Amino acid sequence: LPLGVEKGLKAMLTILGRETSLNARKLLWAADEMGLAYQREDWGLPLRDPSVPEFLALNPNGTVPVLRDGDFVLWESNAILVYLAELSGRLLPKDTKARALVHQWLSWQVSELNPAWGYAVMGKIRHRPDFQDEVLIAQSIARWTTQMQLLDTHLAQSATGFVAEDFSIADIALGLSVHRWMCFPDALPTLAAVDAYYQRLLARPAGAIRMGRDNP
Ligand SMILES: N[C@@H](CCC(=O)N[C@@H](CS)C(=O)NCC(=O)O)C(=O)O
């Protein structure tokens, strides 16, 4: 496995984002799977405030991650996953329909799953004082559970054990999302197919590195 790629001064790719960011870890895991060399810069609170002009010039959202490839700059982690897959020719099927299903799950991860856990994770994992309303935490957990049950039902019917045809960038985005579910401090429902999926992804060396118990 071509790890240690962070040392490469000659690497063209730079990933800007702290390793504690789930969205940044999507790119680190993907680049490792694909054998792409990269450098990483720590950005994101509390390490380095991304709302400074230097960073906002790269990403007007003031969020991590950002990818630089020479003069080319890209933000939105799932769009960056697609870019890395196309650069490397890995983890994105060539067939139009198979590729569309990968895009479907990438869009679902960012538009449905991630917003559902938002409040609960800020309150219970990040311990943010402004996210401590118990009613809103319960509502967030309920929405998150509904989405995770949808994923569990899909995985239970999957022939390959992955969300689309074979292991793909969608499994990286979803694997880190499942990891967050597994690390949540409160008891959550057991989802058998999700549990098996998580073990399958943890068996990948690059996945195990990015899904550490100390890094939800
Ligand atoms: N939809 C964006 C979300 C980016 C985002 O919300 N990033 C968070 C960290 S995961 C962030 O930058 N938070 C502010 C900070 O870290 O300072 C993506 O997928 O890239």
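**View A. Pro-65 and its cis peptide bond.** Pro-65 lies in the loop between helix H2 and strand E3 (66-69), where helices (H or I, at least four residues) and strands (E, at least two) are DSSP runs numbered from the N terminus. The peptide bond that leads from Val-64 to Pro-65 is cis, with omega near 5°. The model is a predicted one, in which local features need pLDDT of at least 70 and side-chain atom pairs count only at pLDDT 80 or more, while totals for chains, interfaces and linings use all residues. Residues are numbered from 1 along each chain as its sequence is written, and side-chain values use heavy atoms, with hydrogens and water left out.

**View B. Pro-46 and its cis peptide bond.** The peptide bond from Leu-45 to Pro-46 is cis, with omega near 5°, and Pro-46 has its place in the loop between strand E2 (38-41) and helix H2 (53-56). Most peptide bonds, by contrast, are trans.

**View C. The surroundings of the ligand.** Among the residues around the ligand are Ser-21, Asn-23, Gly-44, Leu-45, Pro-50, Thr-63 and Val-110, each with a heavy atom within 4 Å of the ligand. By class, this shell holds five nonpolar, five polar and two charged residues; Ala, Val, Leu, Ile, Met, Phe, Trp, Tyr, Cys and Pro count as nonpolar, Asp, Glu, Lys and Arg as charged, and the others, Gly among them, as polar.

View D. A polar contact here is a pair of N or O atoms within 3.5 Å. One oxygen atom of the ligand is 2.9 Å from an N or O atom in the side chain of Arg-18, and an oxygen atom of the ligand is 2.8 Å from a polar backbone atom of Val-64. A nitrogen atom of the ligand is 2.9 Å from an N or O atom in the side chain of Glu-76. Glu-76 itself lies in the loop between E4 and H3, and its phi is near 80°, a positive value in a residue other than glycine.

**View E. The rings of Phe-72 and Tyr-83.** The ring centres of Phe-72 and Tyr-83 are 5.2 Å apart and their planes stand at 40°, so the pair is tilted; rings of Phe, Tyr and Trp (its six-membered ring) pair if their centres lie within 6.5 Å, with planes under 30 degrees apart counted as stacked, over 60 as edge-to-face and the rest as tilted. Phe-72 belongs to strand E4 (residues 72-75) and Tyr-83 to helix H3 (residues 77-88), 11 residues apart.

Conventions. A polar contact is a pair of N or O atoms within 3.5 Å; within protein, one must be able to donate a hydrogen and the other to accept it, and residues adjacent in sequence count only if both atoms are side-chain atoms.
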